[in-house]
Amino acid sequence: MTLDQIRGQDRVIERLSAALARNRLPHGLIFGGPPGVGKRTTALAIAMAQLCADEPGRGCGRCLECSQVAAGTHPDLFIEDLAAARRERPAASTLSIDQIRRLRSQLALTPARGRAKVGIIEPAERLTADAQNALLKTLEEPPGHATLLLVTTAPRELLATIRSRAQTWSFGPLPDPIMKELLVEGGCAPDSASQTVRFAEGSLERAREMLDEDAVAAATALEEQLENIERTGIPDLLDLAAELAGARGAGRRDRQTAHLTAMQLWGRRRLRAAAETHSSDPGPASRATLLHARRRLGLIHATSRALERNANIELAWDRLLLELRTPREIGG
Ligand SMILES: [Zn+2]
């Protein structure tokens with residue numbers, strides 16, 4: 001995909017294209033932002049722009065160079081990611097200093113073809129401290145033909161020395177209409193795309209995961225149950241808690257995470273709605289609703305943290321649902 005085909009990141013793409021057109025792209029770039037919003041695609045599009053034979057500085061998407069960039073096989077493109085790490089260490093969860101040393105020596109050589117070399121590191125927050133230190137020198141004195149792109153969901157976890165030697169570009173969540181378009185173009189039915197977008201928070205990756213796991217129906221059902229929670233009797237509520245806790249066994253933890261994510265989204269939506277009502281109609285009643293929404297979201301976050309610390313799953317859900325059921329205090 002070329003730069004001008006990337007959707008939902010207009011500001012970043014416009015500024016990157018302008019920098020490329022003036023040949024002013026910095027040698028070191030950090031692409032930061034949530035997962036599944038186009039950071040790696042943009043990094044590959046930059047590689048196309050740098051290596052394309054037909055439309056240098058833009059990328060045509062069709063020539064041999066562009067096709068090889070898209071396939072990850074271009075001799076002047078070097079990708080160090082977890083897949084590369086796992087070719088050497090099957091259980092790897094970090095990017096090693098050996099990977100960075102290899103990348104450094106590859107970037108130092110003159111380009112095999114054309115005029116540039118591009119290195120992509122992802123997820124950069126998984127670089128070990130040693131690996132980051134090994135990267136510093138390349139960022140300080142980059143070979144003239146080299147562009148180094150660090151793709152990360154957590155730019156703040158990079159060493160300050162890395163951040164100060166590269167230019168950070170922030171990618172935001174994808175706008176809902178664009179997410180929907182992309183899902184529909186990927187073969188998803190429009191209704192199902194609309195439903196999924198509501199839970200995906202601007203991340204195409206998350207939307208696709210939800211579709212793969214058939215998780216949208218479950219999230220929608222849970223949301224409906226939460227909307228009615230104050231009118232739900234205790235026995236039904238405890239049944240729901242047991243259902244959410246699920247059976248012991250493989251995948252239990254992932255299911256907990258999915259339920260909690262759906263609940264957090266619901267809590268945030270309710271909080272946003274309450275904040276809007278309160279700002280247009282301030283008064284004790286809307287203030288009480290706002291505080292109530294804030295308290296509920298706090299309870300959901302606290303449960304999420306408790307489960308991360310291996311709290312008793314059944315008790316955690318019982319307690320959370322009972323507390324969410326407590327009506328807001330009148331005028332409080
Ligand atoms: Zn091309």
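Student: Where does Pro123 lie in the chain?
Tutor: Pro123 lies in the loop between strand E3 (117-122) and helix H6 (129-140), where helices (H or I, at least four residues) and strands (E, at least two) are DSSP runs numbered from the N terminus. The peptide bond that leads from Glu122 to Pro123 is cis, with omega near -5°.

Student: And what kind of model is this?
Tutor: This is a predicted model, in which local features need pLDDT of at least 70 and side-chain atom pairs count only at pLDDT 80 or more, while totals for chains, interfaces and linings use all residues. Residues are numbered from 1 along each chain as its sequence is written, and side-chain values use heavy atoms, with hydrogens and water left out.

Student: OK, the metal. Which residues are the protein donors of the zinc ion?
Tutor: They are Cys52, Cys60, Cys63 and Cys66, each through its SG atom, at 2.2 to 2.4 Å from the zinc ion. Donors here are N, O and S atoms within 2.8 Å of the metal (3.2 Å for Na, K and Ca), and since water is not among the atoms, sites may look incomplete. In sequence the donor residues follow the spacing C-x7-C-x2-C-x2-C.

Student: Why is the arrangement called tetrahedral?
Tutor: Because the four donor atoms subtend angles of 105 to 115° around the zinc ion, and four donors count as tetrahedral if all angles lie between 85 and 135 degrees.

Student: Is Cys60 buried or exposed, and what about Cys63?
Tutor: Cys60 is buried, with a relative accessible area of 8%, and Cys63 is buried too, at 10%. Buried means under 20% relative accessible area, exposed over 50%, and partly exposed in between, using a 1.4 Å probe and protein chains only.

Student: What about Gly57, where is that found?
Tutor: Gly57 is found in the loop between helix H2 (39-51) and helix H3 (64-71), and with a relative accessible area of 18% it is buried. Leaving aside neighbours within four places in sequence, Gly57 is in contact with Leu20, Ala49 and Arg115, where contact means heavy atoms within 4.5 Å.

Student: How far apart are Gly57 and Met263?
Tutor: Gly57 and Met263 are 206 residues apart in sequence and 45 Å apart in space, C-alpha to C-alpha.

Student: New topic: how do H13 and H15 pack?
Tutor: Two packed helices are described by the angle between their axes and the distance between the axes. Helix H13 (residues 252-280) and helix H15 (residues 313-325) pack at about 10°, with their axes 13 Å apart, which makes H13 roughly parallel to H15. Axes are lines fitted to C-alpha atoms, for helices over the stretch in contact, with angles running from 0 to 180 degrees between N-to-C directions, and angles under 35 degrees count as roughly parallel.

Student: Which residues meet there?
Tutor: Among them, Arg252, Gln256 and Met263 are on the H13 side, with Trp317, Leu320 and Leu324 including themselves among those on the H15 side.

Student: And which residues have a positive phi without being glycine?
Tutor: One of them is Asn23, whose phi is near 60°, in the loop between helix H1 (10-21) and strand E1 (28-32); Asn23 counts as exposed at 70% relative accessibility. Asn310 also has a positive phi, of about 65°, and at 59% relative accessibility Asn310 counts as exposed.

Key. Four donors count as tetrahedral if all angles lie between 85 and 135 degrees; four count as square planar and six as octahedral if opposite donors are over 155 degrees apart and all others between 65 and 115; anything else is irregular. Angles under 35 degrees count as roughly parallel, over 145 as roughly antiparallel, 65 to 115 as roughly perpendicular and the rest as oblique.
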